[in-house]
Number of protein chains: 2
Amino acid sequence: MSATRVSPRTLPLLSPGRVALFLQGGGGPHRGGVGPRFRSLTSPPLSCSSSSPGRALSSLSTTRRGLPKEKMSENGMMSRAKVLTIDTMNPTVKKVEYAVRGPIVQRAVELERELSEGMKKPFAEVIKANIGDAHAMGQQPITFFRQVLALCSYPELLSDSTFPEDAKSRACRILNSCGGNSMGAYSASQGIESVRQDVARYIERRDGGVPCDPDNIYLTTGASDGIVTMLKLLVCGEGAMRAGVMISIPQYPLYSAALAELSAVQINYYLNEEKCWSLDISELQRALDEARLYCNPRALCIINPGNPTGQVQSRECIEDVIRFAAKERLFLMADEVYQDNVYAEGCQFHSFKKVLFEMGPEYSETVELASFHSTSKCYMGECGFRGGYMEIINMDDDVKAQLTKLLSVRLCPPVPGQALMDLVVNPPQPGEPSYEHFIKERTATLSALAEKAKLTEQVLNTVEGIRCNPVQGAMYSFPCITIPERAIQEAKELGQQPDMFYCMKMLEETGICLVPGSGFGQKEGTYHFRMTILPPKDKLKILLNNVKAFHQSFTQQYS
Amino acid sequence: MSATRVSPRTLPLLSPGRVALFLQGGGGPHRGGVGPRFRSLTSPPLSCSSSSPGRALSSLSTTRRGLPKEKMSENGMMSRAKVLTIDTMNPTVKKVEYAVRGPIVQRAVELERELSEGMKKPFAEVIKANIGDAHAMGQQPITFFRQVLALCSYPELLSDSTFPEDAKSRACRILNSCGGNSMGAYSASQGIESVRQDVARYIERRDGGVPCDPDNIYLTTGASDGIVTMLKLLVCGEGAMRAGVMISIPQYPLYSAALAELSAVQINYYLNEEKCWSLDISELQRALDEARLYCNPRALCIINPGNPTGQVQSRECIEDVIRFAAKERLFLMADEVYQDNVYAEGCQFHSFKKVLFEMGPEYSETVELASFHSTSKCYMGECGFRGGYMEIINMDDDVKAQLTKLLSVRLCPPVPGQALMDLVVNPPQPGEPSYEHFIKERTATLSALAEKAKLTEQVLNTVEGIRCNPVQGAMYSFPCITIPERAIQEAKELGQQPDMFYCMKMLEETGICLVPGSGFGQKEGTYHFRMTILPPKDKLKILLNNVKAFHQSFTQQYS
C-alpha cells in the first residue's frame, strides 16, 4: 500500500475550501492552497526518498535565491514569501498518511459541527466507529484505577475514609516512587523503577514463570511511542541498502506512517483472508525474497491479536514466525496491545516472549524481540493517558545504552500514564477490598465485547455482498465488501479508492464513520472497511442494521 | 559544541563495568561491550551524516553476508550474531547527546543506590541540582490544579462537598470536552478544542489583546515534543543544501540532540557572558554568514528567559531579532517555557508574539513564528504530566495541514497534561472560592524562587574563581568557573572536559549533581556548570556553601 494513496484521490470529491478545512483539522480560511497541497499529496512514493540530492536541491532552490521574493498577500499588501512551504518542508513528512484519522474522519468532525449548528442531515448523530476509543463509545473506566489516579493526583484524599485501603496502598507505593512524592516530578527516562518491576512480575505471571528483567522494560507514551522508537533504532542505509521492515497487509497504519517518515522500506506480506486472516510462512518468504533485491530487510512486525483483522494467532504459527525470524536474521516486533481482547472459543493469546522461551536456548538466547503493550485497549481502554511499555529481549547491550540515551532527550513518559500502566499490571488481588468489584467490571466489559464481536460477525454475514471473518480478538471487524462495477467506475472517475467512495457515501447518508480498507492495505481488487465493535450493544445493533441498509441501497443504486 | 563531545571523554574515568552500567541507566550485567560503545560515542560528528552512502554501505555489510555469523556466547553455547548492533543501528541516533541526563546523572543515580545499600560516602544524600524538577526538590503542587485533576480522574468526587465549586466547574468543563466525558478517551490530535480556546484567551490577556486564533494552538507532550515536531517540519536537503538551525551557545541540549537525530546542521551563535548573556545581532550575523557557506539556514531558535543562562531579553533585543529573522528569512522558534520565571528588578518578559504584532503588519503578517510553553516550569513545575502547547504564527496553510496530519499519527497528547495546561491558562479568577489560596501559593513559590535566585548569585560571587551573572529569570545559575591549569591537564589526560572532571569530582566528594557547561556549549577555554535554584532555601544555602568549599579545596589541590 503506497503511503500516499488515500488523500489525493479523495480530494476531487470536495471543494477546495473543504479540502483545506478537513486536511487542516478544522478552522481558518485557506485560500488558493490547493495546488501545492496536490503536489504534496501526490509527491513521489517512498522509493524516492528525501535523501535524493537532486530533489532536495530543486525543492530548496526557492529559498536560496538570495533576496526574499515578494508576493501580493490576501489583503493586498506586499509580503515576503514563506520560509516554510509545502515545497521546502521535510519531504518525508509529506509521505506520511494515517487513515484512522484521515480525510473521512475530518469530514465526520465537520458533519458533527454542521449538526451542532442545526444543519439538516439524514441522521441525528455521527457515530465514530473508525477508532478503538472505548471511553468515547461509553465504556466506563475501571473504578479502582481511577480511585488510585485521583489519590495520586491529590494525596490529601489519602485521609478520605471513602477510598478503599488497597487503592490507598497502591497510590502510596506509586507516590513513594515519584520524586518529591509527586506525579509532577520527572521520572527516570526508562520509567519509574517500581512500575517496571511490577510490569516484569506481570509478564512472568502471564508467561507461566518465564523470567523477566525489569531492566528490559521501557515505559512508553502509549504503544505507538515504543514502536516508533524501535523502528528509529533499526533504520539505516541508503538505496539498495536501505533498511526494510516487514509488515502485514492489512496493517495498522502507524507502521506505514512511521516507515514513511523514517524513509525506511515497507515490505508487505499478505494475511490470508480465506483462512481467517492467518499468516503463512510461505508468504513471509515470498515477500522477504523479493525485498532482498532492493533493500536490507531488518525487522518483522506482527500484530497479534490482529488489527484491523481481529485474528488470534495459534501457538504453532508463532513458533514458525520465530523460526523464520531466526533463520532470516530479522528483529521481531510483536504488537500485543490486544492481548486481553480474545473472544472466540478455542482461541488463546500466546505471547511471543513465552513461545520464544519455550523453544529453548537456541532461540530464547538469540532472537531479538520487542513486545509492546498499552493501557489503551483490553478491558481498560484508557487511551487518553497514553500509557504503555515495551519489553526488549536479547538486545545488544550497546544498542540498549543508545536506546536509553535516546529516550532521555524527551525526559520521561507521562507519569499518570505510568501510574495507570502500573495498575493494569498490578490490579486488586483476591482478598483485597476492591477485588470483587474490579473483577465484576472487567468481566462485564470483556464479555460484552465478546458478545458484540459475535453479533457484528453474525449481522454483517447476513448481508449479501458483505463477508466477515470471525472477530476472534481485538476490537474491530474488517469485512470484505462487494462494490458494484458501476460504483467502482464512478469512484475511479473521481480519482478515489472504491472503498473510500463507499465509506464517504455511508458517512454522508448515515453518519457512520468507518475507515476504508485501502487505509490499511488490502489485496488488489478486494475492498473492506474497518469498524469497531465498541459501541454499546443496542447502539451497535442499530449501527449494524444501518450499515446493512446502506449496503443494500448502495448495491441497488449501482447495479 | 559537537553533539558527541561529552560521553567518550568521560568514559576512561570509569571502569568498563561502570561505563556500561551508567550508560544503561542502571542494572544488568554488560560484559565486553566497551569497544563498540567507544566506537559509537566517538562516531563522526554531524557533518558526516547517516545519508553518506559509503558509510551506510560499510556499516551494513556485516548484515548482508548471507548466512548468519556464529559466535561463542557467554555461556559457551553457539549463538547467532545480533541483527541490531552498534555498527548496524541508525547512525543518527548515535550522534545524539543529552547532558542534562548524561553520564554524571547516571553516576548520581548509582551513588544513590550505593548509599541506600549502606555504602559509606563523604555525604549523606545526593542532591540532583542538574535538572529543573521542582516537585522533586520539594516544591508543592498548586492545590487547585490537583483538585481539578482528581475530579477529572474520578468524577464520583464531583458530589464531594469538600471540593470547591470552581474546581468542580473547571473539571466539568474539561470532562464535557472529552469523548464519553472521560480523560481516558483520545482527544483531537491537535488537542482538546476547549483547551485550545482557553490557551488562546490566555495568550490574548498576556499580550495585551493581540488576537490569538485557537486553530494556531497545538497542545503538545511537554514543550520538547512541540520543539522537535517543528524542527522535523523544517529539515530537508543534503550536503551544502542541508537545513541549518541557529541555536544559542550556551543552549538547552534538547536542540543539539534533536538536530543531531534529524541530521540537520547546528549553527551556533554565542551569547555575551560579559553583558549578562545578552544576544548581539552582530554575532547572529557572523554565525549566519559563515553557515550559509556550508548549509541552508532555515530557523533561528531563541530561549527567553534563558536556559541555562537565566537572562531575560529586552524588548529592543527581541525587536532586533525579529527584524533579523525577517531580513534573513528565518523561521523563528521562541522557547518561552520560563515566561513566568522573571525575578530581577527592571526585567520583564516580552513574548515574541506581542512584540511581533506591535511592530506592525510588515512583520506581523510575514514573519513565521512558533512559540512554546509548558506545564513543567514557572510556579507550577508539573513536569511529570508532560503538558504543553505551541502557537504557530504565519505558517503556510499547506504546511499546517501537514503538521496536523503528522500529529495524528501519535493520536493525541496525554489528556491529563492537556487538562493541566488548561488550568495553567485558566486559573481561579478573583471572586472564585479558590482564588485567594491559589494566589497565595503562586506568590509564595515565585517569591521564594526570586529570593533563591538572588541568594545563589550572591553566594557564588563570594567565591574566588567563580563568577556568576545575575539570575534574572528561569531556574538556573550558570557561573563561569576558573579551573587550575593542573586540573585541566589531568582532565585532558583522562580524555575529559575539564568542567566534567570538576563536576564528577564534586559529585563524588559532596553528592552534589551539577551539569558541566560543556553539556550546553560554551566559549572555547571557558568553563561553567549549571545548577538549579530549586532546592528549599535552607537546603540551597548548605548546597551553595558546599559548592564554595569544594571549589576552594579543588583549587587548592590543583594550584
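Predicted model: local features only at pLDDT ≥ 70, side-chain atom pairs only at ≥ 80, totals over all residues.

Visitor: Why is the pair Glu193(A) and Arg113(B) called a salt bridge?

Guide: The closest N and O atoms of Glu193(A) and Arg113(B) are 3.9 Å apart. A salt bridge requires a side-chain nitrogen of Lys or Arg within 4 Å of a carboxyl oxygen of Asp or Glu, so this pair meets the rule. Across the interface of chain B and chain A, three salt bridges are found, together with 48 residue pairs in polar contact.

Visitor: Which element gives the largest share of the side of chain B that touches chain A?

Guide: Helix H16 (residues 397–408) of chain B does, with ten residues. By class, that side of chain B has 62 nonpolar, 39 polar and 34 charged residues. The contact as a whole takes 135 residues from chain B and 134 residues from chain A. The area buried between the two chains is about 10,800 Å², and carbon and sulfur atoms give 55% of it.

Visitor: How do you know that S12(B) and S16(B) pair?

Guide: Pairing requires at least two bridges, and two bridges join S12(B) to strand S16 (residues 529–532) of chain B; therefore they pair. The two strands run antiparallel, and Tyr476(B) has Thr532(B) as its bridge partner in S16(B).

Visitor: What makes S12 and S15 of chain B edge strands?

Guide: In the open sheet of three strands, the order is S12-S16-S15 (chain B). Strand S12 (476–477) and strand S15 (515–516) each pair on one side only.

Conventions. Residues numbered from 1 in each chain as written. Chains lettered and ligands numbered in written order. Heavy atoms only, no water. Contact = heavy atoms within 4.5 Å. Buried area = accessible area lost by both parts, 1.4 Å probe. Polar contact = N/O pair within 3.5 Å; in protein donor to acceptor, adjacent residues only side chain to side chain. Helix = DSSP H or I, 4+ residues; strand = E, 2+ residues; numbered from the N terminus. Nonpolar A, V, L, I, M, F, W, Y, C, P; charged D, E, K, R; others polar.
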